[in-house]
Amino acid sequence: MKNRNKLMKMIISAFFLALSYTLPFLTGQIPEIGSMLCPMHIPVLLCGFICGWPWGLAVGFVSPLFRSLTLGMPPLFPTAFCMAFELAAYGALSGLLRRLLPKKKAFIYCALLISMIAGRLVWGLMMFVCMGINGGSFTLGAFLAGAVTNAIPGIVLQIVLIPILVMILENPKILNLKD
């Protein structure tokens, strides 16, 4: 039973990785807000919630790097590199907090919000480091624009969509995964 559960988590994680690879193609069809929807974030957060922190961390770290190396988008440095750490934080924290917090619906929102804030802080720290290495600067204004202002549609979408999907996918009749 334990091997079956591990195999299911691996298969579901692969699905989330594929989704994070392809979802930007769909949102890219909406030029005004496509990139603002943060399409790679959704599958990574879901992977953490559904499959657990190790899988969420792995899918989060690999997603932007894999997409960058195969498609050239996002650009590898500093964008995909910094996103790898950001998305790894999302996946790891959403899975870890879902495991540690009570299994009530309200705590899905708590885990989500903490993961979203921490991931954006990790992204900001990595951008600060990478820009410093390149001899540039990463200001508070650039952080707020990149992490908040330009991401408002994605933030709203994540807060609305992810808890609903987690509640559906955690239904024992759907995936039947155990921690």
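I searched this predicted model for salt bridges, taking a side-chain nitrogen of Lys or Arg within 4 Å of a carboxyl oxygen of Asp or Glu. The count came to one salt bridge.

I then looked up the partners. Arg98 pairs with Glu170, and their closest N and O atoms are 2.6 Å apart. Arg98 sits in helix α4 (residues 76-100) and Glu170 in the segment after α7 (152-169), so the pair ties together parts that are 72 residues apart in sequence.

Arg98 is buried, at a relative accessible area of 6%. Glu170 is partly exposed, at 33%.

I also looked at charge over the whole protein. I noted 13 positive and 4 negative side chains, with the centres of the two sets 13 Å apart.

For the fold, I listed seven helices and zero strands. Along the sequence the pattern reads α-α-α-α-α-α-α.

For overall size, I noted that the C-alpha trace spans about 50 × 35 × 30 Å along its principal axes. A compact globule of 179 residues would have a radius of gyration near 16 Å, and the protein agrees with this at 16 Å.

I looked up contacts between residues at least 6 apart in sequence; 71% of these join residues at least 24 apart.

Last, I took the burial and surface figures. Buried residues make up 42% of the 179 residues. The protein exposes about 9400 Å², of which carbon and sulfur atoms supply 75%.

How values were computed:
Residues are numbered from 1 along each chain as its sequence is written. This is a predicted model: local features need pLDDT of at least 70, side-chain atom pairs count only at pLDDT 80 or more; totals for chains, interfaces and linings use all residues. Side-chain values use heavy atoms; hydrogens and water are left out. Helices (H or I, at least four residues) and strands (E, at least two) are DSSP runs, numbered from the N terminus. Buried means under 20% relative accessible area, exposed over 50%, partly exposed in between (1.4 Å probe, protein chains only). The radius of gyration is taken over C-alpha atoms; the globule rule is 2.2 Å times the number of residues to the power 0.38. Contact means heavy atoms within 4.5 Å. Accessible areas come from the Shrake-Rupley method with a 1.4 Å probe; for residues, only the protein chains shown count as cover. Lys and Arg count as positive and Asp and Glu as negative; His and the chain ends are not counted. The place of a charge is taken as NZ of Lys, CZ of Arg, CG of Asp or CD of Glu.
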